[in-house]
Every structure is written in C-alpha cells, then in structure tokens.
Amino acid sequence: MSNLDTVRVKTLPRQLAWRLFKHEAKRGELSIILFAIILSVAAVLSLSLFSERLQGALTDRSAEFIAADRQLSARHPLDPLWIAQAKTFSLATAEQTSTRSMAFANDELALVDLRAVSDTYPLKGSIKLAPELFATGVATTQIPQTGEAWLDSRLFQLLGVTIGDAIELGDASFTVTQILSEIPDGGFSVFNADPMVLINQQDIAATNVTGPGSRVNYKAYFTGDENDLEAFFDALSPQLDRQIHRWLSVQDDTSPIGESVARAEQFFLLASLLAIVLAAVAIGVAAQRYAQRHFDPVAIMKTLGASTSTIRKVYLYQISFIALLGIILGTIVGFLLQQIVVSALAGTVEVSLQVWYWRPLLIAIFTGSVCALLFCLYPLLGLFSIPPLRVLRRDISATFSSRGGQYITAGGAILLMMWVYSQNLKISLILFVSGLILVGLLLASTFGLIALGRVLGKGRMGAWQLAWARIKRRSLDNSVQLISFALTIMLLLVVLVMRNDIVQQWRDQLPQGTANYFLANVTEEQRPKLVEHFAKNGIDTDGLYPVSRGRFVKVNDELIRTDITKEDEDTTNETRRGLGREANLTWDTQLQSGNEIIAGQWHDQWTPQNSTLPEGVYPVSIEERVGERMRIGMGDELTFNIGSEIVTVQITSVRTVNWQTMQPNFFFVLHPAAMSQFRANYITSFYLPPERKPELTRLMAPFASVTMFDVDARINQVRSIIDQVSAAIEFILVLVLVAGSLVLVAQVQASMDERQRELAILRTLGAKGMMIRLSVIYEFLIIGLVAGFMAALANEVSLYLLQTNVFQMQSSLHLEYWVIAPITGAVVVGLLGAASCWRLLSMNTQVLLRKML
Amino acid sequence: MIKTKDLIKTVSTSEGELQILQPVNFSVEAGESIAIIGASGSGKSTLLGLLAGLDTATSGEIWLDDAPLHDLDEEARAQLRGEKVGFIFQSFMLVPSLTALENIMLPAEIIGLDNPKARALAVLKQVGVEHRAGHYPNQLSGGEQQRVAIARAFITSPKILFADEPTGNLDAQNSHNVETLLFDLNKQSHTTLILVTHDPELAQKCDRQLAMTAGELVEVISNNASDGNSAQQDQEASA
C-alpha cells in the first residue's frame, strides 16, 4: 500500500462516520438517540440553570434575614484588623453594636434594644421606616445621621415623644427623626420585648452604655463572592475562639424560610437527579436500538475488508458527532426553555438577574458525554463484535453480549452521575436502591405475568390472545421494557408526590387565619377583660399562656453559678449549652396543639396526692431539642429561682414542638401547682384580617400596658417565598413530566422495529387492521398497568426513605397512587403504543414488507 | 485460485456435535466460474462463508490465491477480502444510510484506492443505474439494488467474486438482466466466480457445478448443457 493509500485509509473512518452521520441525520434515523441526548442535556441544563438562578434569588432573600451573606458575632469587640482583612478579600463589610439600655424622655424611661450601625449597614435587605406609628414600613437606604435616633412605634407611646423630640440614651442625647419599622436582622421574640432604637455607630462611644458589666453584642457583616467568603473564613478561622465568636451563614438559617429554602434545594436536586436518570434511560434505550440497526452495515463493512479498528473508529466518531450535536442543541434548547419559563413565571417567581452560570453548563455537558459514552458502550461493543458471516446468515447477532455487564455499567454510571452531581451519597443511594428493588420486583412480576398470561391468553386467536402471545414470547424484552416504563412512572410519581407533600406541608405551616399579632405582658387582672373585649370584637385569641422568667439554680445536684461574670458566661453554656441563665416558663395541664409527648407522661393527671415525686417537687415537661442541648432528660431535677422563691421540678415528660406554627411555644411547661404562689403575666396571639388593621389602635386602647407585636409583614414574607418556591417546583414538575413522557415515547418507538416485522406478517396473512390495533393496544395496556402498579409500590419505598432520611418530613402512605398510577400507566402507555402503531398500520403491506428487508 | 483440503465444519448443538461439512476437497482455477447447488440447509452457505473467509473451519485448509486462509486471523482475512474478493448477496446488503454511489465507493475507500468516486461513477454507468447515483437503497427497486451491489462488487477489480443466490429476490425479468450483467462483467474482468444458487438454469451458465448434499460436495457432470437435470453422473470432486 502506498503512503497515499495509507493516508486515505487513515482518514476513512472519519469521512465515513461523517457521511453516515450526515445522511442518517438528514433521513431522521438519528432522531431518537439525538433527541435523547438533547433531552438529557436540555433537562439538566434548564433545571440546574433555573434552580441556580432561583437559589441565587432565594439565598439573597434569606441573606436579608442576617443582613449579609455571613455574620460574625461576639460578646467582645471584634478586632478591627479582621474587617480590614475582609476588605482585602474583596468583601463588603458592615458593623453593628447592640445592647439593652434605658432610654429617657419626658421624665419617662423604657428599656430599649439599642442598635448602633455603620454606614454600610445593611449589606442585604433594607431598613424600613414607617410614615406614621404602626404603619407599614417603607425601605430606606439611609441610616441615622450622628445625633439622630430612629425609634420603634411602641417607644413613641411609651415615652410620649414625637418626631423632633430629644431622648437620652446613656450619657448622650439624640433627636428623634424617624419611626423605625424594622431592620433586616431585627429578630423576633415574644420574650425579648424591648422596643428598638437605631443610632449611628459613631455615636455609641458617647453613650457609654457598652462599658464593663453591660451585655453587648458586636456583629460584623460580610458579603461578596462565595469563593471569597470561603477564603476569608478559612483565613479568619484560626483566629476565632469558638466559645466567643459565632460565624453565621445563610445556610445556617433555621427559620421557617431557611428550612423552606433548604427543602426546596433538596427538591431541585432530587428533580435534577431524576431528570438525569430519565435521560440516561432514554439514551440507553436509543443506543440499543441504534446499535441493532447497524448490525448489517457493520457486517457488510467487515465483509468488504474493513478492519475491526476501522469499524471501531467509524462508530466512535459517529457517536462523538451525535453527542456533540446533541450537546450543542441541548444547550440551546435548555437555555431557551429556562428563559421561556423565567419570563412565563415573571412576577410570580423572582430569579437572579444573572442569566448565565457555568456550573449548570458543565454539569449538562458532563451528563451528555457520560450518558452518551457509558450507555452507548455496551451496545457499541456488541456492534463491534458482529461477525461478517451475518451477511449470509441474518440470524447471527452480536457475539459480545453481556446483559449483566451492561446493567452493572449503566447502573454504576447512573449512581456515579447522581453522586457527582448531588455530592450527596445518601440521596443518591436512596434513589438507586429503590430503583434496584423495583427492578427485582419487576423481574419477578414479569414472570408472574407470563404465567398469568398462559391462563388469560387461552382460546381462539383474537386481539386479546395475540397480545398475550406477544407478551409471553418476548418475556425478556418485555421485562426490560416493563422495567423502563415502571422506572419512568416511578420517577414521575416521586417528583409529583414530593411536590404535593412539600407544598402542602408548607401551606399547612401558615394556613389562612394564622395568628399575625402577639400580645405580651397581659396581667392576671387584664386577662378576663381582654378575652371578653376581643370576643366582643369577633377576634379569637389563641389561648393565654402564663409566663414567668426563672433562673437556673441547679440541674440535679450540679450547682449552676448565677453570679457569673461576662467572661464566664459562655463557659457555663459550654457544659449546659442552649439557654444561658434564664428560661421562660409556662404552666398548664392542657397540652398545647402542635405538641406531642414522645417520652414519659403528660402531667394532666398529676396531683400532689398521687405524686410519686419527692415532696415539694413538681412535674415539668421539656422540649426534646432543648433536653438534648442541655443534656437533661427524663427523671432529671431542675431547680429554678423565680422572683426570690425556689421551685424544684422533675422532668416527667419530653415533647416535640412544631416551631413552625405561629403560636407561643415553650421549652418548659410546669404543672400549675408549682406556680400557684406566683403572679403571672400572660402572652397570646390572634389573627386580625388585613382590612381590619385600622381597628388596632381602638382595639388595644383599653390595654395600654400590654405589648403588641405585629408579625403580619413577616408572615406575608414567608408566604410569598413559599408561593414562589411552590411555583418554581411546579415548573420543575412539568419539566420532569415532559422528560418522562419523552422517555416513554422513545421506549415505545424502540420496540416498533420488531413490531413492524410482525405487523407486516400479520397483515400479509390477512389479519384485520382493527384486530392488530386492538392487540397492540391491549399489549401496551397490560404493560402500562403492571408498570404503573409496580411504580406505585416502588414509589412508596423511595418516598418513605426520602421523606424520613433526606427531607425530614412526616411520611405517609399514598394509597390514591396505587389506583392512579396503574390506570394512568395503562392509559398513557396504551395510547403511546397505539399512536406509534397507527403510523405503521396506515402504511400498505407492500411498504411494510419493503421496510422489513 | 481456490483450493480446499479436508475442510470440515462442525457446530455444537443441544444434541451434541453436528458436522455440517464432511471433508471437502476441491479446487478452482483462475477465471473459472463455479456454481454450488443444493437444497436449503445442505451446507452451501456454510461453505461459501468458509471460502470467503467470513467464517473459520473446524479443521482443514483453504488456500485463496495462494494465501493460507486457515492460518489468517480475522483482521488478515478482512484485508484479504478487501483486496481480492467481491461479494453479491441475495438480500443485496447495501448500507441503507449511504447513497447508491457511496455504497459502491465503500470497498474502494476501505482498501484505499485512489479516486473512489470516479471509479464508482464508471462502474455505476457500466451496470446502467447512473441516474440513481444519489438515491438511497430503499428508493431503488430490487433489480436496481442488485445492480448497485454488482457495481460495488466489481469496483475493486476482485480476483474472486462470491455470489450468494444473486437473483433469489428478483422477478424473472430482473433476474435475467442481473444474470447477464454478472456474467458479462465476470468475463470482461476475468474474475473467478463462486456462485451459490438453487436455480439450475443459473447454475448451468457456470463452467462447473458442484452439488452439496448433507454437507458433502460432489462435482456434477452435465451430459447435455440444455438438459442439466436429465443425466447426472456423480463423481467425487477433484481431490
């Protein structure tokens, strides 16, 4: 062979691959495999791009609650060098100093929550000012000038001041210039009831309120690029003392919003993983079909003298061309799809304005390539092994065939992709293992079905018998098809049910009529009047709970030092972490709604007479998590100092509390007998419809000393985020549904080649079109029914694992899907099968026979 | 050109070993045309597969243009096929996603001949379907597909041509045309032709006929060229 010839032979694989690719693409023969790759890339790209943008927006929203991306807080002044250091990491910074102090004006005094902030505060979110007392706040970009103080509405009432008046804070005097509505990290606690005063950071020194003995909290805020933030924290970390400094990031937000966002992120992750699996299944199915269609061309080329390496190259080039085109088209489609959805949801769902992120693209390309490579590998190895003798003996198929190997590679690839993508082995394994259980169940049921078919399919050959005969004959092929149908249906069910459960649980947290106002400091005398007054005005109060502050004296025999100095404070918490020195106590014999006893017995039956406790010791019920934090549990004795009296209680029950309900909740609930000698203050909550808001002042007029908190704005904020996330989840559900349906179409299409041959024969033999159609419909109906049933079963298993292990949700049975899934499966698969066959049956027999050859 | 020695092919079945070919010994001279005839399942296609190097024998030797086919591995056999052998099949075996012209170019490209397109156009013209150059196989009639297949077989000017039931899928008229074309081209290019058929008329157009019965190959001596079936005298194929 001449050198020129050698060159020609070397370039042949690429030329030939290109030629085959060009023609096959033009003739639509690559459509299924190409479509599967486009689908996988587009689904993964649009999902992850959308979720990245949504997460960007949601993280920004959550960041508003800590007024920055990261927050560092301590009881000691923070080293100014750290702030300087943060700037070298290109981070924006802000500072806040807060303490409790007395404010004086007009001979009145009040304990206030004093906040002094730097010019750049807040880095995220905004300070809101009210145009008049208790009115809805409007965002401002300003902070108080030096010498100015912005006051909470309540403080105007308590001190009797108006705008322009002077108030004294410590040693300094300030002019009241604005009504402060809220600050981003103002926090909310019924127990920390002091109204807020906002001043400029530069003024704090002049007040002299941060001297020795005062409880001051110093905060530094940081925002910037995520990598810069991480790098800064890594650099700062060695200098921090974990007992003194607290580093807070958006992800640490344990508020209902923080948890909703975290759960939504998990859901996006889950949906994306499922989209990957669906796409992988589609590619696997399409690759198998592609390989089978090339058995003859490979045999011909080998017969004509092509070497195995030439053939290998031809097809590897071919697959690369397909993968490349699929990835390019998939990227375009995915981007457009996501853009369309963003504009369709504009107004409902807020997404980051940044439209492009590289990570989703890399993931999509990785997915497309790995899917194309690993799912095509086995079909291609089979293709390469086609012996040339096939040109003479058409029944000869691939000599390389290892279904086991194929399943292991495909399964391994899916697990690998899930793991790489989610970086969460648990969620990946849960989905993977439930998939495996499903496959096992399906194999068993397929053989059961075949046995059943022997009974059901008896009798004279009609459409029904023909359908069973086909199912029986292709038991293995059918089991593979059944498994892929069932997997697809299961994945759709998982996404659908998870979406319903998540959205439902979110909505349940804040049902219509959720209390939007809290009242504190209601005295014993005011209590009956208040209940009556509210009832007269048609407002239900959510029960009045007595509250008293108790100081810990002892836990069992271990003395808790109460005269600790500032420096010791956190060391005390180190051993009994969680509450500091004091706790808010309530007492009742009725278990509050949303509370559940998980250990011991609720003390409603307890009386001093039937008591098994030592004399003078009363029962107390503690909240589960506080028990864990303080390392106290059933049988432990707690001693409190309330006022000047000592009360000793023993833990007789442990409760879980639903903290996401907007009602007062307590760590410690004592038996009322323990508190009989104390005067109580009461707290309560109630719901007032927005349109009745103007009545508030009149409503509260008779109870001037009662403190009221308006949490309406906060609830609306939570609701709007929940609505946004729900709408986003709905989009993802639709996208996964579309992906799933396309996989089903690909599967039905893939089985059409063989059906074509059979249809041609049946037609030639004179079978009526209606009979063939019915037989195909029956066949798909049966397969869809069984696949749907199996999917419902596997769905329960994966949902149980997902909800209990990943989403930390209450899991429940979804019996309705045991009916819906088989019926929908039968209808959808039956229709798809019928639609695909319709095209074949509309061809005349001659064409069908010609296609067969 | 072709020589076999004690060629045996056995396959394993569920009921034990099955010998498809009894020891086969025969030789073919360059330029000869040979018809292998026999009933379905007699082993003709198996023999063709072995002679063309598409399959390997259980034992025995095959010499193809002085090359020991029985000693060559799959790759070497493929190279030998590409350079010296052409094929025509009953079911045409064109690559469905390549045009007629590209199908014809394929063998020339595989072995690296220069100007494959010009060669393909020339041979396409010879078989009379140049107007169908850009058509895909499924757009061609059976007769046209087989003409394209013949063109593909001749483009590399093979020394040996194997044809497996070349008219088996064609109607009478097309069969006749294809036969004429095949033998004409064969004559022009002095190719050795091995033709498997169960069509006696087609077989008679060959220089020699070998009959395959239950794996045994015997030479058929025809007394009367016009009445091949009437008087047959079996004789052990040349040893």
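# Reading strands, helices and contacts in a predicted complex

User: Which residue in β7(A) is the bridge partner of A:Phe104?

Analyst: The bridge partner of A:Phe104 in β7(A) is A:Glu168. Please keep in mind throughout that this is a predicted model. That bridge belongs to the pairing of strand β2 (residues 92-105) of chain A with β7(A), which is antiparallel and runs over 2 bridges.

User: With which other strand does β7(A) pair, and what stands opposite A:Glu168 there?

Analyst: β7(A) also pairs in the antiparallel sense with strand β8 (residues 172-182) of chain A, over 4 bridges, and in β8(A) the residue opposite A:Glu168 is A:Ser173. β7(A) and β8(A) make a hairpin with 2 residues between them, and A:Gly170 in that turn has a positive phi of about 60°.

User: How should I read the two faces of a strand such as β7(A), and which residues lie on the covered face?

Analyst: The general idea is that side chains in a regular strand alternate between the two faces of the sheet. In strand β7 (residues 166-169) of chain A, the covered face holds A:Ile167 and A:Leu169, whereas A:Ala166 and A:Glu168 make up the uncovered one.

User: What is the strand order of the open sheet in chain B, and which strands stand at its edges?

Analyst: The sheet has 4 strands in the order β2-β1-β4-β5 (chain B), and the pairing is antiparallel. Its edges are β2 (16-28) and β5 (67-68) of chain B, and because each of them has a single partner strand, one side of each is left without a neighbour in the sheet. Elsewhere in the order, strand β1 (residues 2-13) of chain B pairs with strand β4 (residues 59-64) of chain B in the antiparallel sense over 5 bridges, and one position to look at is B:Thr4, whose bridge partner in β4(B) is B:Ile62.

User: How do I describe two packed helices, and at what angle do α5 and α6 of chain B cross?

Analyst: Two packed helices are described by the angle between their axes and the distance between the axes. Here the axes of helix α5 (residues 142-154) of chain B and helix α6 (residues 172-189) of chain B come within 10 Å and cross at roughly 10°. Angles under 35 degrees count as roughly parallel, and α5(B) and α6(B) are therefore roughly parallel to each other. Among the residues that make the contact are B:Gln146, B:Ile150 and B:Phe154 of α5(B), together with B:Val178, B:Leu181 and B:Leu185 of α6(B). By class, the contact of α5(B) with α6(B) has 6 nonpolar, 6 polar and 1 charged residues.

User: Is helix α3 of chain B enclosed or open to the outside?

Analyst: Helix α3 (residues 100-110) of chain B is largely enclosed by the rest of the structure, because 11 of its 11 residues are buried. The buried residues include B:Glu102 and B:Glu109 as well as B:Leu101, B:Ile104 and B:Ile110. After α3(B) comes B:Gly112, with a positive phi near 80°.

User: How many residues does each chain give to the contact between A and B, and which element of chain A gives the largest share?

Analyst: Chain A contributes 32 residues and chain B contributes 29 residues. On the side of chain A, the elements that give two or more residues are α1 (3-26) and α8 (295-303), and α1(A) has the largest share, with 11 residues. That side of chain A divides into 16 nonpolar, 6 polar and 10 charged residues.

User: What confidence values come with the complex and with chain B?

Analyst: The predictor gives the complex an ipTM of 0.88 and a pTM of 0.66. For chain B the mean pLDDT is 85, and 92% of its residues reach 70 or more.

Notes
Residues numbered from 1 in each chain as written. Chains lettered and ligands numbered in written order. Contact = placed C-beta atoms within 7 Å. Nonpolar A, V, L, I, M, F, W, Y, C, P; charged D, E, K, R; others polar. Buried ≥ 20, exposed ≤ 12 C-beta atoms within 10 Å, placed from the backbone. Axes fitted to C-alpha atoms, helices over the stretch in contact; angles between N-to-C directions. Parallel < 35°, antiparallel > 145°, perpendicular 65-115°, else oblique. Pairing = 2+ DSSP bridges. pLDDT = per-residue confidence, 0-100.
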